[in-house]
There are 2 protein chains.
Amino acid sequence: MYISERTKKIPTSPIRKLAPMANAAEKAGRKIYHLNIGQPDIATPDSFFDAVKKFHPAVLEYGKSQGQEGLIKAIQKYYHDWGMDYNLDDIYVTNGGSEAIAFAVMTTCDPGDNILMFEPFYANYKSFVGAYNVEISGVPTSAHDGYHLPSEAEIEKHINSRTRAILISNPGNPTGVIYTEQEMALISRIVRKHDLALIADEVYREFVYDGEYKSFGTMPELAEHLIMIDSVSKRYSACGARIGCVMTKNKELSAQLLKCCQARLSVSQLDQAGATGLYTTPASYWEEVRNEYTRRRDTLKEALSAMPGVISSEPKGAFYVMVKLPVDNIEKFAQWLLTDFAIDNETVMITPGNGFYVSSPDRGRDECRIAYVLNCEDLKKAMHILAEGLKQYPGRTL
Amino acid sequence: MYISERTKKIPTSPIRKLAPMANAAEKAGRKIYHLNIGQPDIATPDSFFDAVKKFHPAVLEYGKSQGQEGLIKAIQKYYHDWGMDYNLDDIYVTNGGSEAIAFAVMTTCDPGDNILMFEPFYANYKSFVGAYNVEISGVPTSAHDGYHLPSEAEIEKHINSRTRAILISNPGNPTGVIYTEQEMALISRIVRKHDLALIADEVYREFVYDGEYKSFGTMPELAEHLIMIDSVSKRYSACGARIGCVMTKNKELSAQLLKCCQARLSVSQLDQAGATGLYTTPASYWEEVRNEYTRRRDTLKEALSAMPGVISSEPKGAFYVMVKLPVDNIEKFAQWLLTDFAIDNETVMITPGNGFYVSSPDRGRDECRIAYVLNCEDLKKAMHILAEGLKQYPGRTL
């Protein structure tokens, strides 16, 4: 029986290779600080479960393919409050941000086409494009520049006749970078010059710690090019509710997105009810969450800057930081931390950086992503373990 | 900005063209009996909402990509009770049956490959294959043979070097046909001879009214070829919960399915909790549901057989029947019923049959699908309206 080349080519994430070792360590009673996944520990607002409780129809029917009207209106209002005005029929509710990205890829690219992404990028983007036989044109950025964008000329070198879109996350996963106004203007010029789609993954929009963020949705010149990706997962600590959305003002694209929605019939009614509740969460929720993450970010920044030979991006948003470590091989180091190292029977799990690159097998080999989704006390302990690990690791390069 | 040929090619369902007319008629106060969609009117079992109520974690985290263990065990037990033994790691929970089919297509076919289907088939299959640039090789069956399968030689004419799978629904949507043991043995021979995958869509398994059904999962010789598609949507009248599953004993395929699951992270936690509850529904639920649908089926069969010039499949399972009508053009007739005809300000909406075919634009032009998801009283009224409509329609051919 034939197995498709398409799925065979989709890489298994480096973290999956580490999972059995982490499981074994935990089974043996070792505590692991999980810096490897972007699963917030913040409580999900009550508004989610309150709304779910109220939703009890006699027959749990299919929802509308586009999404339930109440949720679409809530999303519209949320964007209006951010200074972006979308029509109700510009908004499509999806099974998480994942499906939103899949729809964006599917509607803008045919097999053999490519999408430009800035490395390091969210590793799962590889799966979303691979499913549709679309390639990635990776533009390298580096730790030494804080993972900011290269010049316009340098970026354009990576665009060819089959390039259909730029996919960018802002605030960035895995870098925590927030692009400057100049960088956004640069992206906008390139997108319009080459008539590309701009797929803006802004699921971390609320996680900004230095107050300088703007959305691509506020740039009117991009209206016909912009495909906005959003999700309630991170914003409201509701990852287990699979509710995202894809939005566009481009009518031709919009008609195709509707067909994508109709094909899979509808999205979970319960999750949509809950998500509609989430959008009523008071602004004070953000303040608390942002204050908490700011403290964590500062804790992390301070700890990393004290480690010799460590270079990191400036974590200004999201809850990740990309870090260059003085080690020979990040996969080996990450494994060693799980199997050969501990302080008081505690260790840390990090995400090897090579999974966030495509342009060369060597890239990311001494980098890792750290998710600061632990409270400050745990984060301090985890950073202490990492610092000691770097001193003792046999393959250290410092 | 480029819009993909891939999505442009995905057909808009014929029913979508009728939707504005139906909306207009309903707005004007006309009652429409909806025979067009497979949305059961049966109450969703309490076990769903009871289980949802109990699920209230502090943080609504991502579920496991493969699915929650409790649900997987419930599915395993359900299959065991049907005489099919699957290991826990053979079962993948999906966003409805839709995603299960998408994963089956994605893992077995590369762009340009094809899947053999028996016409008429569920129109949405076109979207699932179109998304992955896979073609359909349509094998015609006809109303005159009750939509049963043609000979082995005839079927093999539609298999070429790029044929990767047979996708079949049993009980059949839209025909209501249940395949005989001889037909299933024929499918099994072809699948093994040509080393194809058999994608068995058995979401209507419990809707069998004459007691002669067997699952492809009970044929051990198919084990390495079979990809089982299932869903709670129809079975428990829970279409708005997006929970299905894809199952295989083929280890190579299984590894690829896991990657598909990991790419989209996880499935709704609430829906999984509810679905786990659904699998505890007592057997008496089936009996009631089956009795109710048997009455509806009989009501429909009797009414159709009294209509001159009408030929229908023998509705033995699911809750659909495919019907050949004495009309010039089914799309025109369906439209006319909504815009130009009524009895006591009531009319009916049917699904034009041409959307269920690919082999020729002429096929299905005088056929429609009727979903018997209304109670018997409404169904009788609807059949009366249809019969009178056939007498008065200007484009009648009898």
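**Figure 1. Kink in helix 2 of chain B.** In this predicted model, helix 2 of chain B bends by about 30°, and the kink is centred on B:Pro20. The helix comprises residues 14-27, a run of 14 residues. From its first C-alpha to its last it reaches 21 Å, close to the 20 Å expected at 1.5 Å a residue. After the helix comes B:Gly29, with a positive phi near 95°.

**Figure 2. Buried residues of helix 2 of chain B and their cover.** The buried residues of this helix are B:Pro14, B:Ile15, B:Leu18, B:Ala22 and B:Ala25. In an α-helix, residues three or four places apart point the same way, because there are 3.6 residues a turn. The cover over the buried residues of helix 2 of chain B includes strand 1 (31-34) and helix 12 (330-339) of chain B. Strand 11 (346-349) and strand 12 (351-352) of chain B also contribute to this cover.

**Figure 3. Open antiparallel sheet of chain B.** Four strands of chain B form an open sheet in the order 9-10-13-12, with antiparallel pairing. Strand 9 (311-312) and strand 12 of chain B stand at the edges; each has a single partner strand, so one side of each lacks a neighbour in the sheet. Strand 9 of chain B pairs with strand 10 (residues 320-324) of chain B in the antiparallel sense, over two bridges. Within this part of the sheet, B:Ser312 is opposite B:Val323 of strand 10 of chain B.

**Figure 4. Two loop residues of chain B with positive phi.** Most residues other than glycine have a negative phi. B:Ala318, which is not a glycine, has a positive phi of about 55°. B:Ala318 lies in the loop between strand 9 and strand 10 of chain B, and is buried, with a relative accessible area of 0%. B:Asp344 likewise has a positive phi, near 50°, in a residue other than glycine. B:Asp344 is found in the loop between helix 12 and strand 11 of chain B. At 70% relative accessibility, B:Asp344 counts as exposed.

Figure 5. Most peptide bonds are trans. In chain A, a cis peptide bond joins A:Asn170 to A:Pro171, with omega about -5°. A:Pro171 is placed in the loop between strand 5 (163-169) and helix 8 (181-193) of chain A. In chain B, the bond from B:Asn173 to B:Pro174 is cis, with omega near 15°. B:Pro174 belongs to the loop between strand 5 (163-169) and helix 8 (181-193) of chain B.

Figure 6. Over all chains, a search of the whole structure finds zero disulfides. A:Cys245 is in no disulfide, and the nearest cysteine sulfur, that of A:Cys261, is 11 Å away. A:Cys245 is buried, with a relative accessible area of 1%. For B:Cys260, the closest cysteine sulfur is in B:Cys261, at 6.8 Å, which is too far for a bond because a disulfide requires sulfur atoms within 2.5 Å. B:Cys260 counts as buried, at 4% relative accessibility.

Figure 7. UniProt, in an unreviewed entry, places the feature "domain: Aminotransferase class I/classII large" at residues 32-383 of chain A. The end C-alpha atoms of residues 32-383 of chain A lie 12 Å apart. This span of chain A is 35% helix and 18% strand.

Technical notes: Residues numbered from 1 in each chain as written. Chains lettered and ligands numbered in written order. Predicted model: local features only at pLDDT ≥ 70, side-chain atom pairs only at ≥ 80, totals over all residues. Heavy atoms only, no water. Expected span 1.5 Å × (residues − 1). Bend = angle between axes of the 7 residues up to and from the residue. Buried < 20%, exposed > 50% of the residue type's maximum accessible area, 1.4 Å probe, protein only. Contact = heavy atoms within 4.5 Å. Pairing = 2+ DSSP bridges. UniProt positions renumbered as here; feature names shortened; annotations may be inferred.
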